[in-house]
Every structure is written in C-alpha cells, then in structure tokens.
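Biologist: Please put the model up, and then I will ask about it.

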Amino acid sequence: MATQELTSKSAASTSTEKDLVGGVKSTEGATTLTGRTGPSEPAATRGKTSIADVVVVKISGMAAREIPGVHDMGGGLSRTIGAVRDRVPGGRPNVGRGVKVEVGERQTAIDLDIVVEYGVPITDVAHDVRENVIAAVERITGLEVVEVNVAINDVHLPDDDRDATADTRVE
C-alpha cells in the first residue's frame, strides 16, 4: 500500500495541473472544486461558493446559545467588554463572542468558550452544544464539521445576577 501511495504521489507531482472530469482540478495532490462554465451547463454548477469565517462563527454562536444550561459565551474579559457593549444605546449583542473557527473549502473546525448555569450536568451541556452546532453548521453551510471543542470557562451562580444589580447608586 505504501508503494501505491508513493506511485500516485510521484505521478501527481510530475503533472503540474490537470483537468479532470466534472470541473475538478488536481494540482500536485490537492483537489479544488471549480464551477463549470458555459451556457450549456446547469445553472447550479456555474461558479464557486465560498463561505466566510464570520458566517460559521455566527451560526455556531446562535446554535450554542440555544441549548438550555448555557448562560453566556466567551472568556472573562470578552464577557466584560460584551456586557458594556450591550448596554451602549444602539449596540448589538455579539453572537460570535466565545467562538473561534477555521474554515476550509469543504470542512470546518470550531472552538467554543462557554459559561454554564450552576447545577446543570456539564458533560450533558457540552454534548448537546456539540450536537446542535454540528447540525446547524452542516445544514446551513454544507460544510463538514470535523470537530467542535467545548471549553467551559466559568459557572454562573444564582447569586451573580443579584450582586450585579444590587449596588446601583442612582434610582
């Protein structure tokens, strides 16, 4: 099997670029899907679709927040800055806070930083978040999600909300 791989790699490296069937180009072992051109081709195959990182970030952030037990997302500093930003008139909440992605042509990998509610089983929340994010990203973008890494950064305690609103000086 190792000799077969070497043979195919050496054959690919001798031809610099070669058009294959169906608009697929092979360049030294790398394969890229390109659209077909011409009026005789079906409309759906003409052109190339690329998906920006921010699209996957927003989809992942929304899907993770839908899970019961997820209180917030992001690390301590990003949550603090986000809380200030949310209170500014005209400011919008950042659904991408706590989400990092790597997007390729066909696959994506996602890292999530999450704050969970006190008392919920963390492993269950992480499992549910992972399933929901993978389902949403694959359904909406068509990309294959190779991994979703979930980091639990904090636990939200019931007393945390009361302390934040109790020390207001102006009524």
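Modeller: Helix 2 and helix 4 are oblique to each other, where oblique is what remains once angles under 35 degrees (roughly parallel), over 145 (roughly antiparallel) and 65 to 115 (roughly perpendicular) are taken out. Helices (H or I, at least four residues) and strands (E, at least two) are DSSP runs, numbered from the N terminus. This is a predicted model, in which local features need pLDDT of at least 70 and side-chain atom pairs count only at pLDDT 80 or more, while totals for chains, interfaces and linings use all residues. Residues are numbered from 1 along each chain as its sequence is written, and side-chain values use heavy atoms, with hydrogens and water left out.

Biologist: At what angle do helix 2 and helix 4 pack?

Modeller: Axes are lines fitted to C-alpha atoms, for helices over the stretch in contact, and angles run from 0 to 180 degrees between N-to-C directions. The axes of helix 2 and helix 4 (residues 122-141) are 8 Å apart. The angle between them is about 140°.

Biologist: How many residues of the contact of helix 2 with helix 4 are nonpolar?

Modeller: Contact means heavy atoms within 4.5 Å. On the helix 2 side the residues include Val55, Ile59 and Ala63, and they meet a set in helix 4 that includes Val129, Val133 and Ile140. Ala, Val, Leu, Ile, Met, Phe, Trp, Tyr, Cys and Pro count as nonpolar, Asp, Glu, Lys and Arg as charged, and the others, Gly among them, as polar. In the contact of helix 2 with helix 4, no residues are charged, three are polar and ten are nonpolar.

Biologist: Is Ala63 buried or exposed?

Modeller: Ala63 sits in helix 2 (residues 53-65). Beyond its neighbours within four places in sequence, Ala63 is in contact with Asn132, Val133 and Ala136. Buried means under 20% relative accessible area, exposed over 50% and partly exposed in between (1.4 Å probe, protein chains only). Because its relative accessibility is 2%, Ala63 counts as buried.

Biologist: With which side chain does the side chain of His71 make a polar contact?

Modeller: His71 belongs to strand 4 (residues 70-73) and is partly exposed, at a relative accessible area of 33%. Leaving aside neighbours within four places in sequence, its contacts are Val115, Val116, Glu117 and His156. A polar contact is a pair of N or O atoms within 3.5 Å; within protein, one must be able to donate a hydrogen and the other to accept it, and residues adjacent in sequence count only if both atoms are side-chain atoms. At 2.8 Å, the partner of the His71 side chain is that of Glu117.
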